[in-house]
Each structure stands twice: as structure tokens, then as C-alpha cells.
Amino acid sequence: MKLTRTLTLTVAAASCALALAACSPPDKNAADKAATADAAAKPDAAAKIPGLATEKEQISYMIGMDIGKSLEPMKDEIDTATVKRAIDDMINGKKPLLTQEQGMAIMQTFAQKMQAKQQEEAAKQQAEAEAQGKKNIELEKSFLAANAKKAGVVTTASGLQYQVITEGKGAKPKPADRVSVNYAGTLLDGTEFDNSYKRGEPAQFVLDSVVPGWSEALQLMPVGSKYKLWIPAKLGYGETGTPGGPIPPNSTLVFDIELLDIAKP
């Protein structure tokens, strides 16, 4: 269990620290160093923690947090009162209700159950992602076909679409160049997934290290330009999107992007 590993590592670290201290030569500043280390390791006595008045309570709660975090993924499968009962029995030296053999058998069965549950959930998520991907690719086809007919929208051979908002007068970057850009990115429905303006600083990257749609578009832009981009899924994050992230499978990406500078070699 995570708790066991955590406590074992803590005890091992403490033992190593004691051994090193015993073998080290005397340090004339040892008292000052010890006081500094002690102050850093212990909570400030003047800064009380509400509900945890003593060091013992604070340590106990910290251990409980660790146990709770490790058990959170299986919270629907356990009874916390019984968990507490087992902890109390073991701490107080009482005879456990399960033998070691029974515990191992129960743990094996439970592990198999949890594995099956995880596989079922993964299959469900995969099916949902595939369905969403099919829906998004159909939406992309209809949107890009209509968008291509709008005034000022240019469609490249790859399928990238862009519109010049401001045409700069600087140099155009090459694939190996590092560029500095400001941008805001959304999905077709307007959901924003990234915005360098809100972060308060431009992004910097080597041009050939980003998704193909960005790399192609930026090579068309002189420094000082502002373009609006519509990047098809195949030139963005494709069929997978960003798993666990903000971009669903087969998403068309919309960017307002400004090329600020090309870094000097």
C-alpha cells in the first residue's frame, strides 16, 4: 500500500540521517544549523493550525491524508468505518478478524474486480471518444466548406484556412527558427482552450516542433502579422485530441495569432 511505502521511506530516510550525523565530524556551527533545520522542519508554533493544536494531531492528520488519498480511487468499494476498525485493531495489538491467507485471497479477488472495472471504464471512454470524433469530423467538413467561401479566407493545399487581419513587414520564419507569438485558441463552438494574452507573456518555440497547421501558417506570416487560422484536425491533434485535456478528438482549431519576433540564432 502507498501508506506502507511512505512510512518505510520516511523511517529509512530518518535512519540514514541519524547514521550520517553520527559519522560526521563535529561542526562548530552545529547548534545553529540544528536550530535552523528544526525551525524549518516543524510548523511555526505561533501559526496554529485550526483543529490540529498539537504536533501529534498534525502528524496523525498528515498520515490520514496519505491513507485517504491512496484509498480515494476505490472509495465506492470500501467502508471507512471498517477501515478505521482494522487500523485500530492493528495499532492496539488486537487479533485481526482475517488471517494472512484470507487477506491475500480477498485482496487478489478485489484486485481482479478493480482491474475489470478499470477496463470497462476505459472501453466506455474509448467508445465515447470515437463517437465524438465522428461527430466532430462531420462538423469540420461542413464548417470548412462554408468558411472557404467567405471573403478574405484562403485555403491552402493542405486544407489549412487563414485570413489576414494585419500584414506585417518583417521577415518570414523558417522551420528551424524560434519564434515568439501571442495567440488565443478556441474550438468551433467558441470554447477557449489556451490564451497567451491571459497568461501575460508570449509563447516561444521552434517552428517545426508544433502541430503542422501552426508550422505551415507561421511560415506564411511576416513578423508583425496578425492572422486568423482554422486548422483541420489532421493538421492539429488528430483523432486522439489531447486525452484528458481540453481538445476533443478530431477537433477543428481556431486561432487568432500574432507573430511578434524571430529569435536570433
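Trainee: How many aromatic pairs does a search of the whole structure find?

Mentor: The search of the whole structure turns up 6 aromatic pairs. A pair here means rings of Phe, Tyr or Trp (for Trp, the six-membered ring) with centres within 6.5 Å; planes under 30 degrees apart are stacked, over 60 edge-to-face, and the rest tilted. Before going on, some ground rules: this is a predicted model, where local features need pLDDT of at least 70 and side-chain atom pairs count only at pLDDT 80 or more, while totals for chains, interfaces and linings use all residues. Residues are numbered from 1 along each chain as its sequence is written, and side-chain values use heavy atoms, with hydrogens and water left out.

Start with Phe193 and Phe255, an edge-to-face pair with centres 5.7 Å apart and planes at 90°. This pair links distant parts of the chain, 62 residues apart: Phe193 sits in strand β4 (residues 192-195) and Phe255 in strand β7 (residues 253-262). Strands are DSSP runs of E with at least two residues, helices are runs of H or I with at least four, and both are numbered from the N terminus.

Now for burial. Phe193 has a relative accessible area of 18% and is buried; Phe255 is buried too, at 5% relative accessibility. The cut-offs are under 20% relative accessible area for buried, over 50% for exposed and partly exposed in between, using a 1.4 Å probe and protein chains only.

Phe255 also pairs with Trp214: the ring centres are 5.1 Å apart and the planes are at 80°, so this pair is edge-to-face. Because Trp214 lies in helix α7 (residues 212-219) and Phe255 in strand β7, the pair ties together parts 41 residues apart in sequence. Trp214 counts as buried, with 7% relative accessibility.

Elsewhere, have a look at helix α5, residues 100-147. Its 48 residues should span 70 Å at 1.5 Å a residue, and the end C-alpha atoms are 68 Å apart, which agrees. The expected span is 1.5 Å times one less than the number of residues. Buried residues in α5 are Met114, Gly133, Asn136, Glu140, Leu144 and Asn147. Among the elements covering them are β1 (153-155), β2 (161-166) and β6 (226-231), with contact meaning heavy atoms within 4.5 Å.
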